[in-house]
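Colleague: Please take a close look at one helix and its surroundings in this model, and explain it in plain terms. Give the cut-offs as you go.

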Amino acid sequence: MAAFESLDLTVVLVVFTVLVLSVKWLRRQKNLPPGPRGLPLFGSIGLMKTGKPTEIFRKLRRKYGDVFSIKLGSLTVVVINGYDNLKEAFVKRADDFSDRPGTYVIVELSKEKGLLASSGELWKQNRTFVLKTLREFGFGKKSLESKVREEVDVLVNYVMEINGQPFDLSKIVHVSVANVICSIVFGDRFDHSDQKFLQLVSLLDEAATINKPTGLISCFPALRHLPGDMFKIKRFKKLFGEFLEYFAKQVQNHRDTLHQNETRDFIDAFLHEQNKCGSDTQVFTDDNLVITLLHLFAAGTETVATAIRYSVLFLLHNPDKQEKMFEEINTVVGQSRPVTGADRSKLPYCEAALTEVLRCANIVPLSVQHGAKRDIPFKGFVIPENAMIIANLDSVLGDPKVFPKPETFDPTRFLDEDGTVLNDNQMIAFSIGRRVCLGESLAKLEIFLFVTSLVQKFDLRLEHSGVYPSLEGRLGLTSSPLPYRFRAVTRN
């Protein structure tokens, strides 16, 4: 009899809990932007399994408007669409919309520190220091081009040695691009045979692939306590820890060899500032430095390497566009010298083609998530405290009203009648507002030099005639192309 009474009490408690959560769920819907109703406890998590997030959001936008919400488990997500709305939120009202959400990766792994995970005053001071220091080490300056050029030459020589045989560009391009940011941050590049460095790049590639499932923890926090590692949460945490350990060793090595009157690289600059401030600082701490290094390395490597891989992929699909790029390069630069940054203004078609790659590839289609630290009135709605806010870049880059026939690869959309490159404000592949990618200028220079150098030296061909590798991306840290192979035949 006692057992039945205990069972009845358990049932009552479960029912009561569900009812309380259901009432809370319904109440929270009142002031939200419109969106699918979903189910208590689960929200619309099932809807997100029906396709790519960008495709799902396009459908929801058509049904609910430019600002809509979606419940995913315990998480409220508000999606902002359209250039004017994105500009109003992230540029005109940047004070309200520049914070990060309280997700697992932001709070538990990044400890709300670093360049990408911090908010408020810590983020403002950290970003100011990072941008100032990187500029001192060449960001936006011609002096940095020599570091990029060195890696381009290594890659071109590597491809030359393959001698037209099919190969996958992924590994060599990741290592080459990683070396550019490492030369600024660590003060030195790494040899392509350095096993520890190769392992670090390999870990980044794995992390980029398995990052997506970690988002489930923000929707269902209890998942982290499940036995095993069905969602690869524990594996991602281990990878994150290995990155932090690697960068912590770099910091200690720099501290051991630090000279008061010498600043070799970004780490030295940070440590000098740390010594000036002493213990009275939230910015210049070891934790913040190590996590900032991780963010610089990941952002400076993954996005650029992915953009280069996409560039080759789109040129394989559009050989006529590749030929136009080569003709322009051959006319302006020729074959006797390498392409330089100074050539960009003289190669408008190449510049337009690479801009179109960034639009079509849409490497970070939903940007990096923002968060509401308090209730935010917006467009007649209220974005509730603790909601995740998504700046849907795809709503601009893939909108036929902004870019006609967006599925068509057409570099001429970024050229005027005189063949001059257009400066289109709605080309927001690097995001918008205060959180815009601070490495945009370096990234564009890298993409330009790597891709034009490949086109100058090689005819990029399909591995098998008539068999085109997929243009579909897989969404992780970025939207990256599926593995593919191609042939690079040396031009006469």
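Modeller: Gly278 comes after helix 13 and has a positive phi, near 70 degrees. Helices (H or I, at least four residues) and strands (E, at least two) are DSSP runs, numbered from the N terminus. The model is predicted, so local features need pLDDT of at least 70 and side-chain atom pairs count only at pLDDT 80 or more, while totals for chains, interfaces and linings use all residues. Residues are numbered from 1 along each chain as its sequence is written, and side-chain values use heavy atoms, with hydrogens and water left out.

Helix 13 covers residues 266-277, which is 12 residues. From its first C-alpha to its last it reaches 17 Å, close to the 16 Å expected; the expected span is 1.5 Å times one less than the number of residues. At the start of the helix, a side-chain oxygen of Asp265 lies within 3.2 Å of the backbone nitrogen of Ile267. A polar contact is a pair of N or O atoms within 3.5 Å; within protein, one must be able to donate a hydrogen and the other to accept it, and residues adjacent in sequence count only if both atoms are side-chain atoms.

The buried residues of helix 13 are Phe266, Ile267, Asp268, Ala269, Phe270, Leu271, His272 and Gln274. Buried means under 20% relative accessible area, exposed means over 50%, and partly exposed is in between (1.4 Å probe, protein chains only). Among the elements that cover these buried residues are helix 7 (120-136), helix 9 (170-185), helix 12 (233-256) and helix 14.

The side chain of Ser183 reaches the backbone oxygen of Val180 at 2.6 Å. Leaving aside neighbours within four places in sequence, Ser183 is in contact (heavy atoms within 4.5 Å) with Lys147, Asp188 and Arg189.

Helix 14 contains Asp286. This residue counts as partly exposed because its relative accessibility is 34%. Asp286 touches Arg255 and Gln274, not counting residues up to four places away in sequence. Gln274 is one of the buried residues of helix 13. By contrast, Ile80 is 206 residues from Asp286 in sequence and 36 Å from it in space, C-alpha to C-alpha.

Helix 14 (residues 286-317) also meets helix 18 (residues 440-457): their axes come within 10 Å and cross at roughly 35 degrees. Axes are lines fitted to C-alpha atoms, for helices over the stretch in contact, and angles run from 0 to 180 degrees between N-to-C directions. Helix 14 contributes Val304, Ala307, Ile308, Ser311, Val312 and Leu315 to the contact, and helix 18 contributes Ala443, Glu446, Ile447, Phe450, Val451, Leu454 and Val455. These residues divide into 11 nonpolar, 1 polar and 1 charged. Ala, Val, Leu, Ile, Met, Phe, Trp, Tyr, Cys and Pro count as nonpolar, Asp, Glu, Lys and Arg as charged, and the others, Gly among them, as polar.
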